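Colleague: Please put the model on the screen, and I will ask as I go.

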Amino acid sequence: LNETTDKLLKKEFDYCREHQIPHRIFKENNLDHFVPFKHPDIDKWRDSLRNGLMIDYKNLTLTGGVDDIWQDTKTKKLIVVDYKSQASIYGVNTNSYLSSAYHKSYKVQMDFYAYLLKKMNFDVSEIAYFLVCNADRNAEGFFGRLNFSETLVPYQWDIDWLPLQLEKMLKVLNDYDIPESNQ
């Protein structure tokens, strides 16, 4: 279901990308100055298995397949976007969503995408977005349909921690000793 949600969202955003018009979710959130970023490599960047955003880092290739990239037409900065699908009885709220221990890896993912884009010499907005699609679990029944609410969750990414972690990763990869196990 998550993969299907992503695929259908990409169809919607690709239509807006092709016509360089704001998506309905932008209008609903007073972000009419956003459009999906139009770039010849967008499909490669979204292909996490074969391509993705990609840089060379000290004889390693770092890569990550982003769900989407939008652009602020006022600042020309790129906006990192990740689609998330869930089914919760609770509504999506920015503070609780970002503070959830289960979503810590989501923030790491966004930080990494922003890092890659910056290293690819793009001007990146300090605010990324999770587009969270939450299936209504309180419906009267299934009836062959799931209804989703859609919420934009802004996230101020942080890449300051990445260089040190990348160096630690390289050290482990290049070390002859097996590191201690980590719980």
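Colleague: How much space lies in the largest pocket?
Modeller: About 480 Å³. A pocket is an open set of points on a 1 Å grid over the protein atoms alone where a 1.4 Å probe fits, with protein on both sides within 12 Å along at least five of seven lines, and lining residues have an atom within 4 Å of a point. Points are joined across faces, edges and corners, and the volume is the space filled by probe spheres set on them. This is a predicted model, so local features need pLDDT of at least 70 and side-chain atom pairs pLDDT 80 or more, while totals for chains, interfaces and linings use all residues. Residues are numbered from 1 along each chain as its sequence is written, and side-chain values use heavy atoms, without hydrogens and water.

Colleague: What lines the second largest pocket?
Modeller: Leu1, Thr4, Thr5, Leu8, Leu9, Glu12, Arg24, Cys133, Phe148 and Glu150. Two or more of these come from each of H1 and strand S7 (148-156). The largest share is again from H1, with five residues, and the volume of this pocket is about 190 Å³.

Colleague: Now the sheet. In what order do the strands come?
Modeller: S1-S4-S5-S6-S7, in an open sheet of five strands with mixed pairing. Two strands pair if DSSP finds at least two bridges between them.

Colleague: How many bridges join S6 to S7?
Modeller: Nine, between antiparallel strands, with S6 covering residues 127-135. Across that pairing, Cys133 stands opposite Glu150 in S7. Both Cys133 and Glu150 were also named in the lining of the second largest pocket.

Colleague: What do S2 and S3 form?
Modeller: A hairpin, with two residues between the strands. Lys58, in the turn, has a positive phi of about 45°. S2 and strand S3 (residues 60-64) pair antiparallel over five bridges, and Met54 stands opposite Thr63 in S3.

How values were computed
Helices (H or I, at least four residues) and strands (E, at least two) are DSSP runs, numbered from the N terminus.
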